[in-house]
Amino acid sequence: MSTYLLCASPIQGHAAPVIAIAHDLVARGHDVTVLTGSRFRDAVEAAGARHRALTGVADFDDRVIQDHLPERDRHHGIAKLEYDVQRIFVRPMPEQFRSLEALIVELAPDAILHEAAFTGVIPLLLDDPASRPPVIGVGVIPLSHRSVDTAPGGLGLPPRSDAVGRLRNRVLNALVAKVVFRRTQALADRTVRELGRPGLEEFLFDFTTRCDRFLQLSPAEFEYPRSDLSPNVRFAGTVLPPSPAPAGLPDWWPDLDGDRPVVHVSQGTIDNKDFTRLIRPTLDALADRDVLVVAATGGRPVAELGGLPANARAAEFLPYDLLLPKTDVFVTNAGFGGTQYALSHGVPIVAAGDTEDKPDVAMRVQWTGTGLTLRTGSPTPSAVRAAVDRVLAEPSFRERARAMARRIAEVDGVSVIAAELEQAASARRAAGAASR
């Protein structure tokens with residue numbers, strides 16, 4: 001048995017895969033503690049692990065993200081991404097690190113696992129590897145490491161590795177690191193120094209290259225090829241948290257078994273304050289189509305959607321393990337986890353996201369041929385209609401999505417992670433024994 005410390009930002013899409021990993025490790029007989037937001041206590045304990053809550057500004061509730069990001073709506077595009085990164089990931093770093101440091105002393109873990117956006121590990125990664133436990137990162141968002149073959153994250157651009165493309169990438173990578181995110185990089189560097197470490201030499205988004213191993217939680221086929229991929233990266237398949245058991249299916253559920261194609265639309269649980277962004281345009285776009293539109297409001301009252309067309313149904317939450325096998329197209333704002341959940345069922349996608357990592361997820365959907373990106377988070381009904389019509393009409397999208405589903409099914413992500421952790425823990429124990 002090994003002792004593991006798992007760390008996650010208090011965001012559903014980041015914490016849920018880590019809790020699923022914790023559940024698997026506990027089932028294998030390991031001693032597991034999860035450091036994350038206080039709102040995830042019940043989920044962590046249900047997984048059989050111990051829960052330790054983050055403190056201060058690091059312990060926010062993503063269900064009311066507007067309380068944590070009061071000025072978010074004043075920013076747009078890259079400026080909004082920079083604001084999000086500073087408030088959600090950089091400013092919580094000291095609180096995250098202090099909690100992590102205290103738990104290392106208390107638990108003496110054999111290894112630490114963190115999701116890619118948990119920046120509290122950065123000061124630890126700047127220490128001598130021999131003085132700390134092994135650190136394994138897991139990528140619950142698109143791989144952010146800069147490359148000569150890709151544009152920087154946040155722009156939603158496809159990869160290009162030809163001469164012109166590499167020139168584009170070099171210019172954009174320098175622009176983002178040295179101009180657009182200059183203040184964010186300076187804040188991260190200053191924060192690290194205040195925590196008693198030397199400055200942050202690499203760009204903030206590249207810090208996971210320092211992990212002893214970084215496991216990207218997606219098929220390699222869903223990630224852009226990089227000729228300069230960091231040697232610590234391994235594609236470990238997906239970790240899809242189980243869909244919660246529904247309290248009861250809505251009374252309209254049998255309608256899903258009719259002859260009409262089913263189109264599911266959701267804005268997730270964070271970017272769902274304004275339903276006119278995606279759900280309402282989709283309802284309006286498809287009102288005259290011979291399809292059944294199924295909307296999930298992410299916990300908000302269905303009444304806030306307004307009147308539903310005759311061919312639409314809605315609920316606050318829906319069990320994806322039961323819904324997606326009946327779904328023909330998923331219209332989504334391109335959250336990384338939800339996108340992979342849909343692809344694991346072979347469902348093609350219409351993606352419309354423009355916040356956080358969503359433009360990059362959306363472009364990966366189009367680049368892989370598993371769907372289309374609308375290149376905006378607020379599409380017009382006509383744009384949604386044209387995209388859904390095309391995805392339903394052209395078999396290649398479903399064929400590519402089904403091929404991705406087969407690749408997802410081929411790799412047991414939690415088993416890969418468990419093996420990597422145990423290898424790291426065993427190596428550390430062996431090194432400790434040799435030094436005595």
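Tutor: Rings of Phe, Tyr and Trp pair if their centres lie within 6.5 Å. The model discussed here is predicted.

Student: Which residues do ring pairs link into a cluster?

Tutor: The count comes to eight aromatic pairs. One of them joins phenylalanine 181 and phenylalanine 203, at 6.4 Å centre to centre. Ring pairs link a cluster made up of Phe181, Phe203 and Phe205.

Student: What is the geometry of the pair of phenylalanine 181 and phenylalanine 203?

Tutor: Planes over 60 degrees apart count as edge-to-face. Here the angle between the planes is 75 degrees, and the pair is edge-to-face.

Student: How many residues apart in sequence are the parts that this pair ties together?

Tutor: Phenylalanine 181 lies in the loop between α7 and α8. Phenylalanine 203 lies in the loop between α8 and β6, so the parts tied together are apart in sequence by 22 residues.

Student: Are tyrosine 320 and tyrosine 341 buried or exposed?

Tutor: Tyrosine 320 lies in helix α10 and tyrosine 341 in helix α11. Their ring centres are 6.0 Å apart. Both tyrosine 320 and tyrosine 341 are buried.

Student: How are α11 and α14 oriented to each other?

Tutor: The two helices pack with their axes 7 Å apart, at an angle of about 100 degrees. Angles of 65 to 115 degrees count as roughly perpendicular. Therefore α11 and α14 are roughly perpendicular.

Student: Which are the edge strands of the seven-stranded open sheet?

Tutor: The strand order is β3-β2-β1-β4-β5-β6-β7, with parallel pairing. Each edge strand pairs on one side only, and these strands are β3 and β7.

Conventions: Residues are numbered from 1 along each chain as its sequence is written. This is a predicted model: local features need pLDDT of at least 70, side-chain atom pairs count only at pLDDT 80 or more; totals for chains, interfaces and linings use all residues. Side-chain values use heavy atoms; hydrogens and water are left out. Two strands pair if DSSP finds at least two bridges between them. Helices (H or I, at least four residues) and strands (E, at least two) are DSSP runs, numbered from the N terminus. Axes are lines fitted to C-alpha atoms, for helices over the stretch in contact, and angles run from 0 to 180 degrees between N-to-C directions. Angles under 35 degrees count as roughly parallel, over 145 as roughly antiparallel, 65 to 115 as roughly perpendicular and the rest as oblique. Rings of Phe, Tyr and Trp (its six-membered ring) pair if their centres lie within 6.5 Å; planes under 30 degrees apart count as stacked, over 60 as edge-to-face and the rest as tilted. Buried means under 20% relative accessible area, exposed over 50%, partly exposed in between (1.4 Å probe, protein chains only).
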